[in-house]
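Here is a short note for a colleague who is opening this structure for the first time. Please read the points in order, with the structure in view.

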Amino acid sequence: MLISTGIPTKEDLGRVMPPVQRLAKGPVAMAECFQKIPCNPCAASCPVNAIHIGEDINECPTIDFDLCTGCGTCLTKCPGLAIFIIDESRGDTTALVRLPFEYLPLPEAGQYAMCLDRAGKELGWFKVARVIRGNSRNLTHTICVEVPRELSMEVRNIREGSYRNG
Amino acid sequence: MIQDAEILVVGGGPAGLCAAQAAAETGAKVLVLERDYAPGGQLVKQTHKFFGSEKQRAGERGFQIGEDLLKEIGTNTRIRIMTETTVLGCYEDGVITALRGNKHLKFRPKRLIITTGAAEKFLAFPGNDLPGVYGAGAVQTLMNVAGVKPAERVLMVGSGNIGLIVSYQLKQAGVEIAAIVEAAPRIGGYLVHASKIRRAGIPIMTGWTVKQVLGDGQVEGAVICQLDDKFQRIPETERKVECDVICLAVGLTPLTELCWQAGCEMKFVRELSGHVPVVNDNLETTRSGIYAAGDVTGIEEASSAMVEGRVAGYAAAESLGHSPEIAAQRREEAIGDLRQLRAGPTGGKINAGIEKMKREGGAVHVNLYRYSH
């Protein structure tokens with residue numbers, strides 16, 4: 001149970017996961033935000049108004065996956081670091097998972113990082129495709145990892161400092 | 001010599017700074033007394049992004065909000081902040097005394113806004129006086145203000161937002177977290193914070209507590225044990241945890257000495273985490289001209305403390321006749337913002353507490369003047 005462990009269940013995730021057809025089309029956001037708390041920067045920051053929270057800022061966000069372009073603006077704005085961008089449109093057996101990251105050191109693109117699931121369990125060394133540094137004001141970095149497609153809904157973190165070349 | 005002041009704010013944290021800003025905005029002159037060497041209160045230690053809406057600067061980090069507020073205030077000639085100034089007393093004739101260095105200062109303000117914040121609660125267990133048992137606030141100060149790594153391996157006690165956030169910040173600083181133990185069966189803080197640290201490999205153990213500290217002269221570890229649904233220890237569930245610091249994040253309680261001393265009507269409200277002054281919608285206490293805002297009126301998030309500060313600041317300025325229409329309109333707006341922040345399930349407890357606070361009866365009234373020597 002999320003409330004006693006901090007780990008969302010399959011049912012929790014099922015409610016916020018983009019549909020398979022949409023995932024195959026290109027990058028799309030997934031907000032792992034399951035609790036009503038007063039917060040709305042994701043909706044306020046979305047450049048295409050794909051995230052809806054509404055008048056009551058305590059509502060959980062809902063994402064219009066057809067409008068969402070997977071740009072990742074919300075990912076860097078979310079105070080809970082709960083938004084991920086998933087891209088399963090690469091046409092091979094890999095998927096890209098873009099995740100918010102606030103630890104140092106940062107990996108370099110091309111390196112391999114130890115990827116972790118929602119419980120912090122090791123899933124394996126996967127390639128860092130891209131590192132986008134947060135600017136001086138928004139210090140949240142984003143890391144893009146290339147993972148086997150079957151792990152696109154599992155990989156949600158990398159272990160800081162566990163990086164290697166090849 | 002007694003110095004006159006139009007509005008005196010006690011405490012330069014988020015509520016106090018916002019109160020000063022609001023009051024000055026409408027034309028009042030404000031003096032803020034802060035006991036620390038720099039204003040900002042707890043904001044200076046908050047390296048995580050705040051929740052709320054854009055109006056409450058959501059998405060910005062606490063320390064950035066503090067810096068921005070101070071920058072805005074710095075350009076306002078109607079606000080003066082005196083740091084390293086500890087308010088000592090509030091007297092029947094309205095005189096406020098304070099200590100600055102070795103100087104005893106006296107002020108006679110027309111309006112007083114008490115924004116003294118909160119104090120950390122402690123927990124009783126054998127060995128809790130050993131060096132290495134810290135409050136979460138001290139750990140944050142060491143780490144985020146002084147730049148000192150406070151530990152190698154920490155056992156965090158409490159999974160409220162402070163326990164979760166400080167664990168995250170410790171991990172960012174390169175400190176290992178053995179576990180977070182939480183006596184309740186549920187995580188107390190925001191679940192997005194919990195998920196964020198869970199996926200970093202930090203276990204959150206609900207239904208567990210610290211039983212005793214291990215170590216000779218300093219913390220070398222702890223014994224934790226499981227609790228049943230009545231918070232009683234379950235025999236033979238003890239486990240040893242290696243750690244050099246035990247960090248207590250077991251809640252806060254309003255810092256209300258001044259309110260008591262001022263003779264404000266006080267009530268014990270569990271939902272607001274202790275004794276709180278009875279206040280009206282404008283956050284004026286039962287002593288006319290004395291307002292209270294922020295954690296001193298009940299423990300809540302900093303975003304609410306800032307909005308409460310604005311409510312009290314506008315109300316105080318309005319009562320002195322400063323741009324009363326604008327002040328009233330902005331005060332109403334801020335009250336609306338508070339309502340919005342508290343509209344969800346997390347605000348439910350606060351709303352229930354406020355209702356209890358406003359209900360007839362149950363007030364404790366101690367006139368401390370009689371006991372002064």
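A residue is called buried here if 20 or more other C-beta atoms lie within 10 Å of its own, with the C-beta atoms placed from the backbone. Keep in mind that this is a predicted model.

1. Chain A, overall. By that cut-off, 40% of the 166 residues of chain A are buried. Chain A holds five helices and nine strands. Their order along the sequence is α-α-α-β-α-β-β-α-β-β-β-β-β-β. The radius of gyration of chain A is 15 Å, close to the 15 Å from the globule rule for 166 residues, so chain A is as compact as a globular protein of that length. Its C-alpha trace spans about 50 × 35 × 35 Å along the principal axes.

2. Contacts within chain A. Take the contacts in chain A with a separation of 6 or more. Residues 24 or more positions apart account for 58% of them.

3. Two domains in chain A. Domain 1 covers 1–85 and domain 2 covers 90–166. Their C-alpha centres lie 19 Å apart. Where they meet, ten residues of domain 1 of chain A contact twelve residues of domain 2 of chain A. On the domain 1 side, α5 (73–77) and β4 (83–87) of chain A each supply at least two residues. That side has eight nonpolar residues, two polar ones and no charged ones.

4. One residue to look at: A:Val97. This residue sits in strand β5 (residues 94–101) of chain A. Is A:Val97 buried or exposed? A:Val97 counts as buried, because it has 27 C-beta neighbours inside 10 Å. Leaving aside residues up to four places away in sequence, A:Val97 touches A:Phe84, A:Ile86, A:Val145, A:Val147, A:Ser152 and A:Val155. A:Asp87 is ten residues from A:Val97 along the chain, and their C-alpha atoms are separated by 6.5 Å.

5. Chain B, overall. Chain B has nine helices and 19 strands. Of its 373 residues, 53% are buried. A compact globule of 373 residues would have a radius of gyration near 21 Å, and chain B agrees, with 21 Å. The C-alpha trace of chain B spans about 65 × 50 × 45 Å along its principal axes. Among contacts in chain B between residues at least 6 apart in sequence, 65% join residues at least 24 apart.

6. Helix α8 of chain B. This helix runs over residues 324–341. The buried residues of α8(B) are B:Ala327, B:Arg330, B:Arg331, B:Ala334, B:Asp337, B:Leu338, B:Gln340 and B:Leu341. What covers them includes α1 (14–25), α7 (302–319) and α9 (345–358) of chain B.

7. Where the chains meet. The contact takes 33 residues from chain B and 34 residues from chain A. On the chain B side, the elements that give two or more residues are α5 (191–198), β11 (204–206), α8 and α9. Which of these gives the largest share? That is α5(B), with seven residues. By class, the side of chain B that touches chain A divides into 15 nonpolar, twelve polar and six charged residues.

Terms used
Residues numbered from 1 in each chain as written. Chains lettered and ligands numbered in written order. Predicted model: local features only at pLDDT ≥ 70, side-chain atom pairs only at ≥ 80, totals over all residues. Helix = DSSP H or I, 4+ residues; strand = E, 2+ residues; numbered from the N terminus. Expected span 1.5 Å × (residues − 1). Buried ≥ 20, exposed ≤ 12 C-beta atoms within 10 Å, placed from the backbone. Contact = placed C-beta atoms within 7 Å. Nonpolar A, V, L, I, M, F, W, Y, C, P; charged D, E, K, R; others polar. Domains from an automatic or database assignment. Rg over C-alpha atoms; globule rule 2.2 N^0.38 Å.
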